[in-house]
Structure formats: C-alpha cells, structure tokens
Amino acid sequence: MARSKSSDPATPSGGGKAASAAKGATASGATKAPKLGKDGQPKVGRLKKLGNNGRMIKQAYTLTRRNDPKLPWVMLIAFVVVFAVVELLGILLNSPFIFLPLALILGGLAALIIFGRRAQGSAYRQVEGQPGAAAWVLEGMRGDWRVSSGIAGTPQMDSVHRVLGRPGIILVGEGSPHRVRGLIAQEKKKIARVVGDTPIYDITVGDDEGQVPLKKLSTHVMKLPRNLSAAEVNTLGRRMSALGGARMPVPGGPLPGGRQMSISQRQVRRRS
C-alpha cells in the first residue's frame, strides 16, 4: 500500500535561522523610543541643554545691556574686586598660584550674580504699571504654584489672579484699589464655598500703604506660611477646577511698545 505524501510544502532546514536573523535585523534597525523625563517630554542631552542655556543667557545679556548701559562695567568691577581680594589672600598665605583658579571662579560668580540682579531689575522696570504685570511675576515664581490669571476683571483692565499653593489660596489684584477690593471680595465668597476652611489671602499690588510693590510680590507670596501638604494642594486643585480658569484676557508680561518679555529674561529672573 503506497504511503500518501503530505500536501504541506517542505520547510527548509535553515528557515528557522533565517526567520530569527530577520527578526534580529528588524529589531536592531528599529529606531529606539526617546527617553522621557518626569514632565513626559523627551530628555535633552547635557551638551544641548548647556548650549540652550548659553544662548538664553546671551540673549538676556543683550536685552539687559540695551536698557542698562552700565551693566558691563558693573560686572567687570565686581569681577576685579573679588578676584583681587582672593588673590591678595593667596599672596598673604604664600600661595598665589594655588588661589588663582579659585579667584577666577569666585570673580566670575560675582559677575553672574550682579548680572542676574540687574536683569531682574530691568525686567521689573519694563513691566511695572502695565496691565498683566502681576500675572507675569506670579507665573515666573519657582516651585509648585498654580496660577490662574485674570479670573475677574473690569473694562478698565483691573484684574484679579488666583494662586494655589502650600499657603492655601492667594488672590492678587492689580489696578485701581477701590475697584480691585470689590473684585477680590466677590471672588473670596465664591472660593470659600468650595475650599471650606482653607486659608484665603488677598494681596493688592501697588506702592501705597497696605499694598505690595510689584518687585516684592513673588518674595511676599513665597514667604506666606505653609498651611497645606502637597497632597492637600492636589486635592484642593481638583475641587477648584469647578471654578474654571481665566475669564478675561491678561497680557503675558507686557512691555512698552507692545513687545513681549522674552523667555531668556524669565529664566534669568527665576534663577536670580
């Protein structure tokens, strides 16, 4: 009796090896997914990050020098003074060459500190007295501060901004004091129904008695007592989402002539 032949085609003996080799080639040729940071964005290499920071500092220096012609001379004087003091100390200790690298580093650091402070002062002078200046300062604060700009306002460009942070709720008003006080009182009533016993602070920006100057606003807010934990801030943020965000357009860092504050100046202000 004749045996029946299989209808399936014969599989070559090297087929398994070929298939595995093909898979390996495909896997090796595939593009690797970029690594993500804590914020969910692709990580930037150190060299690229240093280059970006260098470009931002250069841009900030150019803009600041345009408004502050004395900047290079003040930075040079700071460098020379610190360098001379450190080197003098090295000479007194009979080690001038050992102290030379330290003198260069400390002199450069002093010049950078002066640059940061002058850049910050120049930025504040440009935005002071303009609509949206307080919102620009609040959005540039370091740390976990959740800013909702322009939650209330008037046609005269008076506005109230809401900040959620470890102290609780902070309402910041800018504009005419008597109009801003009414806006803040209305917002306090709305928020109190949602946040319960959470502390609510109110601040009016200005130079009159009882007000906080714009240049001291971020320092004043960050010095408020820490009444909430990080978890409580997250829970409160979810509850406050029912209140909504901005109800009126607020300029993001206005400048004379309709220009906007550059990213580099914001970076310098945050780091100083």
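**Entry 1, a charged pair.** I started at Arg179, which is partly exposed at 30% relative accessibility. This is a predicted model, so I'm working from computed values throughout. Which residue does Arg179 pair with in a salt bridge? I found Asp158, with the closest N and O atoms 2.4 Å apart. Asp158 sits in the loop between strand 1 and strand 2, Arg179 in helix 6 (residues 177-195), and the two are 21 residues apart, so I logged the pair as a link between distant parts of the chain. Asp158 itself is buried, with a relative accessible area of 2%.

Met157 comes out as partly exposed, at 35% relative accessible area.

I stepped back to get my bearings. The protein has nine helices and four strands. Along the sequence they run α-α-α-α-α-β-β-β-α-β-α-α-α. There are 272 residues, and 34% of them count as buried.

How many salt bridges does the structure hold? My list has five. One of them joins the side chains of Asp68 and Arg118, 2.8 Å from N to O. Asp68 is in the loop between helix 2 and helix 3 while Arg118 is in helix 4, so this pair ties together parts that are 50 residues apart in sequence. Buried or exposed, I asked of Asp68? Buried, I noted, because its relative accessible area is 7% and the cut-off for buried is under 20%. Arg118 is partly exposed at 29%.

I also looked up Asp144 with Arg146, a salt bridge whose closest N and O atoms are 3.3 Å apart. Here both partners are partly exposed, Asp144 at 46% relative accessibility and Arg146 at 29%.

Helix 2 (residues 46-67) packs on helix 4 (residues 96-127) at about 60°, with the axes 10 Å apart. That makes helix 2 oblique to helix 4. The crossing of these two is left-handed.

Next I took helix 3 against helix 4. Their axes come within 8 Å and cross at roughly 155°. That puts helix 3 roughly antiparallel to helix 4, because the cut-off for that label is over 145 degrees. Helix 3 passes helix 4 in a right-handed crossing.

I then looked at Leu92, which lies in helix 3 (residues 71-92). Leu92 is exposed, at 63% relative accessible area. Together with Leu88, Leu89 and Leu93, Leu92 forms a nonpolar surface patch of about 420 Å² accessible area.

Asn94 is in the loop between helix 3 and helix 4. Its phi is near 60°, another positive value in a residue other than glycine. Asn94 counts as exposed, at 70% relative accessibility.

I finished on Gln211, in the loop between strand 4 (200-205) and helix 7 (217-222). Gln211 is buried, with 16% relative accessible area.

Terms used:
Residues numbered from 1 in each chain as written. Predicted model: local features only at pLDDT ≥ 70, side-chain atom pairs only at ≥ 80, totals over all residues. Heavy atoms only, no water. Patch = residues over 30% accessible without salt bridge, like charges linked within 9 Å, V, L, I, M, F, W, Y side chains within 5 Å. Areas by Shrake-Rupley, 256 points an atom, 1.4 Å probe, with all protein chains shown as cover. Salt bridge = Lys/Arg side-chain N within 4 Å of Asp/Glu carboxyl O. Buried < 20%, exposed > 50% of the residue type's maximum accessible area, 1.4 Å probe, protein only. Axes fitted to C-alpha atoms, helices over the stretch in contact; angles between N-to-C directions. Parallel < 35°, antiparallel > 145°, perpendicular 65-115°, else oblique. Left-handed = near helix turned anticlockwise from the far one by under 90°.
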